[in-house]
Structure formats: C-alpha cells, structure tokens
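Dear colleague,

I am handing over the structure below, and after it I set out what was found in it. Please look through it before reading on.

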Amino acid sequence: MGQTKVIVGLGSCGIAAGANKTYKEFQRIIESDKLDIELKKTSCIGMCYKEPLVEIIDDTGTYMYGEVDIPRVDEIIDKHIRKFTPIPEYIVQSDKIVSADAQFFEGQVKISLRNCGHIDPESIGEYEARDGYKAIRKIAGQNISPDQVIQSVLDSGIRGRGGGGFLTGMKWRFARNHQSEQKYVICNADEGDPGAFMDRSILEGDPHGVLEGMIICGYAIGANAGYIYCRAEYPLAIKRLNLAIVQAREKGYLGKNLFGISGFDFDVQIKEGAGAFVCGEETALIASIEGARGMPRRRPPFPAEAGLWKHPTNINNVETFINIPWIIYHGPEKYASYGTEKSKGTKVFALTGKIRHGGLVEVPMGISIKDIIYNLGGGITDNKRFKAVQLGGPSGGCIPEHLSHTLVDYDSVNATGAIMGSGGMVVMDETTCVVDIARFFLDFTQKESCGKCTFCRIGTKRMLETLTRITGGEGKEGDIELLEEIAETIKDSSLCGLGQTAPNPVLTTIKYFRDEYEAHIRDKKCPALSCKKLLTYTVAEEKCTGCMACIKGCPVDAITGQRKQVHHIDQELCIQCGVCLTRCKFEAIAIS
Amino acid sequence: MRIERIKPRQINETPEIQVDLSLMDGLIAKYKTKKGNLIPLLQGTQDIYGFLPRAAFYRIHEETGLELNEMYGVATFYAQFRLAPAGKHIVKMCHGTACHVQSVTAITDEILDMLQIKDGETTSDRLFTVETVACLGCCSLAPVMMIGEETYGKLTPKEAVKIIKEIRRSEIN
C-alpha cells in the first residue's frame, strides 16, 4: 500500500482564506498521532471560491476537498484517513466521486496553468518530473538554432498575453535582428489590473516554468541577462522566484555555457516594482528598472532596438513566457491546434464579481463568454440577472448580456470595444450600476496617469469629475457628449497604452447602456439602485422595530421616532448618505 | 495624477524624527556604484525605518551623488514610498474591481468615519493608517482588507469595524 499524500494549496488567496492554519492542523495531527502520511504544499489550482483546498491521494484515487477549515481537517482525518470513507459533501473534484463542482474544470485546457496546483513550487525536482527544463534540453540536444526556435514560436501563433496581442515570435525576431554585445530579456510581472491575478498565480505556482521560458527567449534573441519586474505587492511570488533562481543556478540552468551550448550564458534577477500601474507599459517599465520615475517614452525606437540601458530588449508577460517551454516541447502545431484562426492556444481568465464560481480558468481561445460564465463559472450569484462583464480591466470595456455570445479571441473582443487585456473578467448583475463602474475605472486611471501627456493627465480628471457629478445626481444635458469628446481626444493624444485605453470603460458603457446614463442625468434615477445620492430612503413600517439604531446613526437628524415605535425619515433633511441602511439590523430601510 | 501623493500638510505637521543613519551603512555599501540603484536604495531605506526620513535623502545624496530632486520625484511617484511614518497597524482596503462591485466603499467609509481620519492618514494615537489599494489579488474573497500580514475576506461594514475595534482594545490593554 502506497503512502497517502495530503496536499494543501498555499497560494496567496488560499492563505488569505486560512490555508496556513489548515496546513498546520494537518501537521499537528500527523505528528502527534504519528500517521503515515506525506504532507505536501502546492499552489493555487484556480478554484478560489472553495479555498482552502486540500487534495488527498491514496491507493483508491484522488480527492480534492474544498473549504477545509480546522473542524473539517479533523473530520477528514477521522473519516477519510482513518476509516477510508471519503466525505462526498466536501469533495469538489475526484476521479472516483462525481461532484457538482466538477463542471468548473470541464472544458478547461491547462497549458499556462499546467503545473499550478500540481507541483510544490519550491521544488525544482517536481518541476523537472513534469517535463520541466526538457524544452531547453530539446533545443540543446537537437541543435535547434535560435532562428528555428523563433520560427516555432511564430508557427504556434501565440500573441502577447499581457494585453497587447502582438505576435510573440515577431517581437523576438526584431530583438534578434538588432546586433549588440548586450541584450536583455524582461519578464513583465507588474500585474496591476485590478481584478486580474493570473500572473501572480503562475509565479507562485510554477516559477521554474517562467524561468525556462525566459532562458529559451535569451537563447533565441541572443541575450545573456534577464530581469523579472514583479510587483512588490506579491511577496510570495517574489520569495518563490528567488528560491527558483537559486535552485536553477545550483543545477547549472542559469550561468555560463548552459545545457552544453557553448557560449550561451544567461542569468536572471528580480526587480521589485514600487507600485505604479503605468509600469506595465514597456517603456515605463524600462525607466523604472533604470531607477527613474516610471514614465513612458516615445516609440520608435522600440525596446527591441534600444531598450534597457539603450540595448536591444525583449519584454513579454508572465503568461506568455510560461507557454514557451510547452510550445517548444510539444511542438507549435499542437499549440496552434487550440483556438481560432487568428488567436491560437489558450487564455487564462480571472473570474470575479457576481459569479458563483470565482477563480482562474484556462480555456481555448474561441469559447464564448456565455460558456465561461455559465458552464465554468456556474452562473450569477443569488440567481440575479446577468447584466454585463468587464473584460480587460481599466483599459477594457463592458460587454453587455446581449453580446455574451461573443467569442474570446483578440479580434472578436476588440470588435465590441473592449479588449482582451490580461484576462480579468468581472461579472456584473442587475444591482451593479455601469455608470458607477465607469467612474470607478476613471478614478483608477486618473490616479495612475503618470502626468506626462496633457490629455491623459487633465482629460481623465475632467472625465472623472463629470462622472462623479452624474452619479451624484448633478448630471446635466450634454454631459454624455462631453464625455465622448474628451474620450476621443485622450485616445488620440496619449503616448502610451494607459491613456489610449483609459476612456474605453466609459465609451463602451455609453455605447451599450446609454439609457442608464440618461436616467441618471434626466430623471436623477439609478436603475440599478446603486448610486447612493440618487436613492430615496424610507422606513418599511412593517419591519421597523423602533430600535433607534438609525436615529443614532443619522448625521443630520433626519430620522424621528420614539423607542418601540415606527421611525420616520424626513426627505427634506435626508442627505442620502446611506448610514441608516447599514445600521438597521432588520432590513427596515427601503430604497427606491 | 500621481503628484497627488505629495501631502505637504501631513509632512509639515510631523516633527522631524531623529533616526540612526548608521543603519544605512550596509545598504549604501551594497548599492553605491550599481546602475539603477535609486529605487533599491529607497526601498532599502524604507525597510529600515518604515518610511523615508528626510535625513536619509541627504545621506544618500552625499554618498552616491544621486540628486535630491530625482529621489524626491521617484519617492512621490510610486505608491510604495512613504514620507511620513505610518501607524502601527496599516489597514489596506482593497478597492479593486471585484471588491468595488461588492461594495467595499461603504466599508472603507465606516472605518474612516470610526477612526476620524481620511484615506491615507494616520490616527492621532499612531495605531492605524488606512490606505486604499488597487488590488490585493484575493478577488474571490471580496470585499477584502489586509491588516499587517492578515487578510480578512467577505467583509461587512459591521465586521470590519469590529475587527479594528478589537485590535484597538488589545493595544490599549
């Protein structure tokens, strides 16, 4: 009988959900009761809504348990481990037991996330056991030339996964064609999009995969140094990357004359970003590595010609690099067999918002948005009506329900006015106000604008002010046209992607939900009942117990009433702050 | 725009804090001659003191020749850097998209209201600094706040206020 394995998922969100405590509880019981169990760590498997996740592998099969808090640990040890009776209610995936949650994995094709949740990210041996470092060995063993490597990347059809969607092979070729003693490979891990966390998950779950992708890139373009520019907000990713770099150096996978290829030297170091969304833009990122304010500069010259310290530089996103070893090892044809004509392979999406099964999913390009939300994501929380999905974060746009048949590939998504971006998918239901969402994104881009281009710096501010007025009940005729005009000007007059795309959330919401803007401006109403200033608060008499909590909370003394008698809100005095709503324990404050 | 990070009022109100500059010796020795050393120097300084003391800028300038205006430009550009010491507990309110959709703003308002401070400020007893941040990457647990290393998910305004009150109570006792 083989030894039973207990594997605890310790990614950042697992830890936030309490996975460290789960791990320690298993550890405590295994040690105190001297159980013959191998306790292991892995990273995020993507099923965030069921964290903390624990996988048990024994002679009978594999069982993934969800929401494993300390009481469940005790129960699982008691029933599953000691009595060999798995607990179906807690199982989310298994090769033996059918679980309702299994649909989350159906239709997924894991290439980028192939190792996430399956290996201990702190073990180079486990990475190697799953075909790790075999792609670079294949290149060395079969004498595949750098040009052939680039051709394979081109043939695979992979496009930049960071949002740009530029053909990766083409980018590599430009960098290769520029002659220089010194060239650089940079991995862009400055994942700043609110609502996207696939890069974090990959870095935490498969750091060696990213390193191998960078090594292959270094070989292909003729670079000998690499940087990983990672957000300081991702401490666990940085820790695991550092460890991976040390392990790779010890094994001789980073250093000089690598893999027996004479003259191929390559090493990698980490640069911690200091918190600026604009550094996701490649020229701003380069400025930041050089130690300056992260402000973009004009292109051309492109980084492929004059990048870091003016040397040819190739920058790709984490998700792009993680695909490279797979493409080289399995062949570009296999990669290209997934996806659509112009968008090959798979894409990872971060499903969040009003969705039942939030998490990370990897699907072949060309699947519809509807399929992702309803089949993998399990539909909308609380059976509310699906309204729209925000794709591509602050640079992207809102895709409304009637376009949910849109296929996820670069061109179909662009046609709606949104962008694929890094793959953040925030689902909104009927209670989400799209005008408020547009205001939210403008608030973000306005703060993050570096200030270099006048139209981005001032234009985003003016748009934010206008949107704040509209959601605050002070919109006026002509505001929509004003927003559209500023938006077009910002798009035309900004140097980098931040400014060029910042108006997208506003433009798409105006395009698809113009009536909601008009309701805010003309009727001073928020159809989603979300904008506080546009609501009327009244006391639902049948529910009010007369507890006086709302009276105490009201900052303008607009609520009157005696103890144990129904209270009353004076609409003349009410400033629509919503405090009474949060104070009431009996849901007796009605909004309309 | 990012210039809004400069908060002259709070800097001027903070009395000059005496720091032991010799703590920076190792850091300066390590980065003195390295290319692109400005950001790592500031990050290292902040790791030592918890913020960027005025005297540290001068010391770095004297030792490395880096210009004060460049350092100040960088320090005010990036969200990570602080020019004033923070409270003992830094409360990071996630205002990412997922948390926004799940009404985190109401929670932040409640906390700020209770502590009687504005976003980015520190309470007068120096116990709490509240900051809104873009995304903590725990979107499926939204709305989320982080205090120190601990992350609290699926919050309601009441729970959030209770958590802060409990920390305050344990500090006072």
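Chain A contains 22 helices and 18 strands, where helices (H or I, at least four residues) and strands (E, at least two) are DSSP runs numbered from the N terminus. This is a predicted model, in which local features need pLDDT of at least 70 and side-chain atom pairs count only at pLDDT 80 or more, while totals for chains, interfaces and linings use all residues. Residues are numbered from 1 along each chain as its sequence is written, and chains are lettered from A and ligands numbered from 1 in the order in which they are written.

As for the overall form, the C-alpha atoms of chain A fill a box of roughly 85 × 65 × 40 Å along the principal axes. Of the 592 residues of chain A, 55% count as buried, meaning that 20 or more other C-beta atoms, placed from the backbone, lie within 10 Å of the residue's own.

One pair of helices deserves a description of its own. Helix α6 (residues 146-156) of chain A packs against helix α9 (residues 207-221) of chain A at an angle of about 125 degrees, with their axes 7 Å apart; the axes are lines fitted to C-alpha atoms over the stretch in contact, and angles run from 0 to 180 degrees between N-to-C directions. α6(A) and α9(A) are therefore oblique to each other, as angles under 35 degrees count as roughly parallel, over 145 as roughly antiparallel, 65 to 115 as roughly perpendicular and the rest as oblique. Pro146(A), Val149(A) and Ile150(A) of α6(A) make the contact with Ile216(A), Tyr219(A) and Ala220(A) of α9(A), contact being C-beta atoms, placed from the backbone, within 7 Å.

With kind regards

Key
A residue is buried if 20 or more other C-beta atoms lie within 10 Å of its own, exposed if 12 or fewer, and partly exposed in between; C-beta atoms are placed from the backbone. Two residues are in contact if their C-beta atoms, placed from the backbone, lie within 7 Å.
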